[in-house]
Amino acid sequence: MTDLMERPTVLVTGGATRLGFSFAYALATAGYDIALHYHQSADGAQQAADAIMALGATCKTFQFDLSGEHPEVLIESVLNEFSSLQVLINNASAYEAATIAQTDMALLQQQFSVNFFAPLLLISAFSNKCSKGNVINILDNKIAFQQNNYAAYLLSKKTLSEFTQLAAIEFAPHIRINGIAPGVVMPGEERTEDYIKWRVAGIPLKRQGRVDDLISAMNYLLNNEFVTGQILTVDGGEGVNHLGRHAEQFSDRDIL
Ligand SMILES: NC(=O)c1ccc[n+]([C@@H]2O[C@H](COP(=O)([O-])OP(=O)(O)OC[C@H]3O[C@@H](n4cnc5c(N)ncnc54)[C@H](OP(=O)(O)O)[C@@H]3O)[C@@H](O)[C@H]2O)c1
């Protein structure tokens, strides 16, 4: 990272908006050139690239629908522009509410194609073409829960979590593969302030997560060369806040 010509490149999927842009910007600040993938946010991608290039990094944008049959083609497109590809951040995600009873094949395909099939095939292509490197899969702290209202989304993220460990074994020692499971950091615009306060009340550390909390997790996973196959949950303890019922809570009035 000393010579501008030798800067390593990171591919950030879904890098035009929200957390993906924050990851790309932080990585550019840390000395990476940026392959910024987007799907529909063309204006956002251009604004993101302008902001990143203002830092002195090279940034090129790649438009691609990751729900298609050959998401791995994205790796070839990036390598045509950047021979120094060393890091893949699988951040792009589809997020649709539906219980199991409301879930059909189309929804399963949509959620799994973006959230699981694409990361798997991108990692496979990355490992075939790049002799060494680092992958971070962006998960969700909800993998610790059984929230059936987001059944297909949740199952796709749980599967990606398991896959992170499986892939870490297959692609060691040349490629390290880890995951970050964020809690409530950047809720969708439809979420009200009251909703966020209510969520924070259930978080042991009693605050919403900050983007910097995720970036520090990302830097740790990228920089610690003895860590692979790990899921770093960054959620203020929400995912371990399962007290369950126990004898000291029980009183006769609880008998049904
Ligand atoms: N926000 C949070 O607090 C939070 C909490 C837990 C987990 N996470 C995880 O963190 C990551 C980022 O979260 P976020 O809230 O920033 O994500 P987001 O806004 O829901 O979506 C991120 C990106 O996914 C891309 N995308 C969606 N469908 C696609 C498709 N078919 N092909 C290619 N790209 C597609 C979109 O690209 P375009 O806009 O270009 O179409 C979008 O920029 C996700 O993996 C999410 O599950 C976030």
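Is Arg-18 buried, partly exposed or exposed? Arg-18 is partly exposed, with a relative accessible area of 43%. Here buried means under 20% relative accessible area, exposed means over 50%, and partly exposed lies in between, with a 1.4 Å probe and protein chains only.

## Basis of the model

This is a predicted model, in which local features need pLDDT of at least 70 and side-chain atom pairs count only at pLDDT 80 or more, while totals for chains, interfaces and linings use all residues. Residues are numbered from 1 along each chain as its sequence is written, and side-chain values use heavy atoms, with hydrogens and water left out.

## The ligand and its surroundings

The ligand sits in the largest pocket. A pocket is an open set of points on a 1 Å grid over the protein atoms alone, where a 1.4 Å probe fits, with protein on both sides within 12 Å along at least five of seven lines. A molecule sits in a pocket if more than half of its atoms lie within 2 Å of the grid points of that pocket. Helix 1 (18-29), strand 2 (33-38) and helix 5 (151-171) are the elements that give two or more residues to the shell around the ligand. Helices (H or I, at least four residues) and strands (E, at least two) are DSSP runs, numbered from the N terminus.

There are 26 residues around the ligand, and Thr-17, Arg-18, His-39, Gln-40 and Ser-41 come nearest. A residue counts as near a molecule if one of its heavy atoms lies within 4 Å of that molecule. From Lys-157, a polar side-chain atom lies 2.9 Å from an oxygen atom of the ligand. The ligand taken alone exposes 890 Å², and the protein buries 85% of that; these areas come from the Shrake-Rupley method with a 1.4 Å probe.

## Salt bridges

The whole structure holds 4 salt bridges, each being a side-chain nitrogen of Lys or Arg within 4 Å of a carboxyl oxygen of Asp or Glu. One of them joins Lys-60 and Glu-81, with the closest N and O atoms 3.1 Å apart. Lys-60 lies in strand 3 (residues 59-63) and Glu-81 in helix 3 (residues 73-81), so the pair ties together parts that are 21 residues apart in sequence. Lys-60 is partly exposed at 33% relative accessible area, and Glu-81 is partly exposed at 43%.

Another salt bridge joins Arg-199 and Glu-238, where the closest N and O atoms are 2.9 Å apart. This pair links distant parts of the chain, with Arg-199 in helix 6 (residues 193-201) and Glu-238 in the segment after strand 7 (231-234), 39 residues apart. Arg-199 is buried at 12% relative accessibility, and Glu-238 is buried at 8%. The side chains of Arg-207 and Asp-213 also meet in a salt bridge, at 2.9 Å from N to O. Arg-207 is partly exposed at 33%, as is Asp-213 at 23%.

## A contact between two strands

Asn-134 lies in strand 5, and Arg-176 lies in strand 6 (residues 175-182). Their side chains make a polar contact at 3.5 Å. A polar contact is a pair of N or O atoms within 3.5 Å; within protein, one must be able to donate a hydrogen and the other to accept it, and residues adjacent in sequence count only if both atoms are side-chain atoms. Asn-134 is buried, with a relative accessible area of 10%, and Arg-176 is buried, with a relative accessible area of 10%.

Leu-139 is placed in the loop between strand 5 (133-138) and helix 5. Leu-139 is buried at 3% relative accessibility, and its C-alpha atom is 9.4 Å from that of Leu-154, 15 residues apart in sequence.

## Backbone details

A cis peptide bond joins Ala-172 and Pro-173, with omega about 5°. Pro-173 is found in the loop between helix 5 and strand 6.

Arg-18, placed in helix 1, has phi near 45°, a positive value in a residue other than glycine. Lys-206 has phi near 55°, also a positive value in a residue other than glycine, and lies in the loop between helix 6 and helix 7 (211-223).

Terms used: 1 Å grid on protein atoms, 1.4 Å probe; cavity = no way out; pocket = protein on both sides within 12 Å on 5 of 7 lines; lining within 4 Å.
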